Amino acid sequence: MIKIRVPATSANLGPGFDCLGLTLNIWNEISFEPANKVTYHANGQGAEKLNKGTRNLLTKAFTYVHEICGKDLKGFNIQAHNEIPMSSGLGSSAAAIIGGLFGANELLNHPLNENELLLLATNMEGHPDNVAPALFGGLVVSVTSDDEIITRRYDIPNWAIVIVKPSVEWPTRVARAVLPKSVSRVDAVYNIGRTALVVDALRNKDLELLQKVMDDRLHQSYRLKHISGAISAYKTAKQFGAAALSGAGPSIICFVPFEKAESAKAEIMFRFQEHGIKAWGITTTPSKQGAHRI
Ligand code: HSE
């Protein structure tokens, strides 16, 4: 039997649409025990939905590695304890994909290297910005080339990170459908320089710089207006620190000084509650570690 942990991730970080991702200290723990057939049981976040069957992203990814490596898969009891909320913009689907791929690769004694795992994960997810940090840890910049994903990862200092998730239905499919098909050169230029500066600000724990450059013209404004209370929550988050929509949303991510974290969380949650929307909040930190065996 083996046990692994897979982290939550926050993609985009403002301007880095589809290419920046940060690993967070929020974890799903998964155990794999040999058995006669594949069974799956989850507790924690999303358990009710996940326990409806054994076909989910994690078991699909787990089976896929066996198939492409030509290995028989008799069966496994897979148990997940999930802390990452689903459909929240915190990379729960990336964690499931990496959990299945990484777990199978460990059990089969590493037939695939990290880059091969990343390529498989990106093909399943559609973009690398959550799966890359879920696998490697830290802050990861990733781009898709012809037949490879090019990445660089960075350790970043210990920031306080507030996450607030409103209880709204906001599937990534819809969050991508509301985006324009093309963007102006002015908007593209606006994001390019800011993306480079967000990386610099995070690596140097420069909150003043991060507040100035964690801004975006490619996705946030198109999305925020569809999420009840999100515009007001986002504005409040910006008053406390540097804020962005986490991934495709609906969560808000806010980088703050440690001493302001609790009041920032309460105020941002309150903005959603004012709009009649329940909200869940957590204060976390970045993780240097990605998926690993425990
Ligand atoms: N970069 C992605 C998006 C993250 O913003 O749509 C969500 O998976």
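Modeller: A residue is called buried when its relative accessible area is under 20%, exposed when it is over 50%, and partly exposed in between, using a 1.4 Å probe and protein chains only. The model is predicted, so local features need pLDDT of at least 70 and side-chain atom pairs count only at pLDDT 80 or more, whereas totals for chains, interfaces and linings use all residues. Residues are numbered from 1 along each chain as its sequence is written, and side-chain values use heavy atoms, with hydrogens and water left out.

The structure holds nine salt bridges, each defined as a side-chain nitrogen of Lys or Arg within 4 Å of a carboxyl oxygen of Asp or Glu. One of them joins Glu106 to Arg293, at 3.2 Å from N to O. Because Glu106 belongs to helix α3 and Arg293 to strand β11 (residues 292-293), this pair ties together parts that are 187 residues apart in sequence; helices (H or I, at least four residues) and strands (E, at least two) are DSSP runs, numbered from the N terminus. Glu106 is buried, at a relative accessible area of 13%, while Arg293 is partly exposed at 43%.

In another salt bridge, Arg217 pairs with Asp187, their closest N and O atoms being 3.3 Å apart. Here, too, distant parts of the chain are linked, since Arg217 sits in the loop between α8 (207-213) and α9 (220-224) and Asp187 in helix α7 (residues 185-203), 30 residues apart. Asp187 is buried, with a relative accessible area of 16%, and Arg217 is partly exposed at 33%.

Lys265 and Glu262 form a salt bridge with closest N and O atoms 3.2 Å apart; they are three residues apart in helix α11 (residues 261-274), and therefore separated by about one helical turn. Lys265 is buried at 16%, and Glu262 is partly exposed at 48%.
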